[in-house]
Number of protein chains: 2
Amino acid sequence: MRADAQQNVDALLEAAKTVFAESGVDAPVRSIAERAGVGVGTLYRHFPLRSDLISAVFRREMDACVDAAPEIEAAYPAGEALDRWIMRYTQFVATKRGLAAALHSGGATYEPLAEYFSTRLTPTLRRLVDAALAAGEITHDVDPSEFLGAVANLCQAGGPSGSESAGRAERMVQLLLAGLRSGS
Amino acid sequence: MRADAQQNVDALLEAAKTVFAESGVDAPVRSIAERAGVGVGTLYRHFPLRSDLISAVFRREMDACVDAAPEIEAAYPAGEALDRWIMRYTQFVATKRGLAAALHSGGATYEPLAEYFSTRLTPTLRRLVDAALAAGEITHDVDPSEFLGAVANLCQAGGPSGSESAGRAERMVQLLLAGLRSGS
DNA sequence: ACTGTATGCGGAACAATGTTCCGTTCGCAA
DNA sequence: TTGCGAACGGAACATTGTTCCGCATACAGT
């Protein structure tokens, strides 16, 4: 790869990270290209699909989330470890405005993102749930993929008018976790 | 109101209902106008905000959901009534592709819709929850507005690749309901 | 150092869609 | 029957995703 190309890729990733944080993943492509100081053609050359750019930006943080699991597992009993990791995950998703929506848009556009998402995160949750079940700390099993999707959905901002989102997502996720423990 | 205007409003509502069911609430405005046999100008005259059209289309069904509460309350014990009504609500939201997303888009565009949504549904859930609490059938209180928002979010289609949505939303909503009953 | 070429660049051009505007039509009341 | 103002239709404009292509240039080979 030519040196200038690599430079542009880096600039694009940096710009995208900033713009996504500011305006969510639905931010206009042009604004990203502009902030990176390149033309839209350049952006599309390196990231033919919008999801490629999103994937590239969030992949690192997803991995960080996965990597946090082992130490949480080591430090806490199975049930609490599950809770703590899910809250860690919740905070990750909650701060990425529009990530959840993109993930669940249904369209094939975001398939690769969702694919990577599941591939990395699902096994981690599977292990945590199995451990908690074995320890008898939760009573219900769940499909990890479904659960991750559900939490991501709950993290979406907004809500019928009144309720400000501060803590809303966390509370609902905790309710979901509580559901894993309810009798029968 | 002139007779032809009323006719067009009806045609637009009918067309919108069909198109929304087919393609979700994000369907192009033109396609609705076309199906109704009117120009887009006419559509915008009667429904200046996109949300006005959506509101008008779904208002009736929301009301039906609210109206279902009393008979459910009369027929079942408080706890089960809560469950049944929430599942009724879940099915309503789940079949309206994009409704939840619109509701939670955050933008002021959908405020009136969300407003109406909350105004009608929140008091209903408040009553059901209070009754279940009083009967000791659930142990946690929740903010009705938050809970309704959470359920709507869970009803959004899709999910990280693998999981087909058949029953996914229902399962997660039931987990949420179970959370209301968990110890402490 | 020089040069030729393939790689990469920028942005104009195209397509889809929401929204506005205005000349024209037509329902309805006098 | 007639006149007016409400209502109509769709062209025009704005925004945004995506493609395409003429031009610039990094880098290998000499």
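What classes of residue make up the surface near DNA strand C? By class, there are nine nonpolar, five polar and seven charged residues. Here Ala, Val, Leu, Ile, Met, Phe, Trp, Tyr, Cys and Pro count as nonpolar, Asp, Glu, Lys and Arg as charged, and the others, Gly among them, as polar.

Okay, some housekeeping. This is a predicted model: local features need pLDDT of at least 70, side-chain atom pairs count only at pLDDT 80 or more, and totals for chains, interfaces and linings use all residues. Residues are numbered from 1 along each chain as its sequence is written, while chains are lettered from A and ligands numbered from 1 in the order in which they are written.

Back to the DNA. Helices, by the way, are DSSP runs of H or I with at least four residues, numbered from the N terminus.

Now look at DNA strand D. Of the 21 residues around it, A:Ala3, B:Asn8, B:Val38, B:Gly39 and B:Gly41 come nearest. On this surface α3(B) gives the most, with four residues. The classes here are nine nonpolar, five polar and seven charged.

Let's zoom in on α1(A). This helix has 21 residues and reaches 30 Å from its first C-alpha to its last, close to the 30 Å expected at 1.5 Å a residue; the expected span is 1.5 Å times one less than the number of residues. Buried in α1(A) are A:Asn8, A:Leu12, A:Ala15, A:Ala16, A:Val19 and A:Phe20. They sit on the same side of α1(A), because they cover an arc of only 130° around the axis, taking the directions from the helix axis to the C-beta atoms. Buried means 20 or more other C-beta atoms within 10 Å of a residue's own, exposed means 12 or fewer, and partly exposed is in between, with C-beta atoms placed from the backbone. Facing away from that buried side are the exposed residues A:Ala3, A:Gln6, A:Gln7 and A:Asp10.

And what follows α1(A)? That's A:Gly24, with a positive phi near 80°.

Last stop: A:Val151. Leaving aside neighbours within four places in sequence, A:Val151 is in contact with A:Ile86, A:Tyr89, A:Thr90, A:Val93, A:Val173 and A:Leu176. Contact means C-beta atoms, placed from the backbone, within 7 Å.

Notes:
Near = placed C-beta within 6 Å. Helix = DSSP H or I, 4+ residues; strand = E, 2+ residues; numbered from the N terminus. Contact = placed C-beta atoms within 7 Å.
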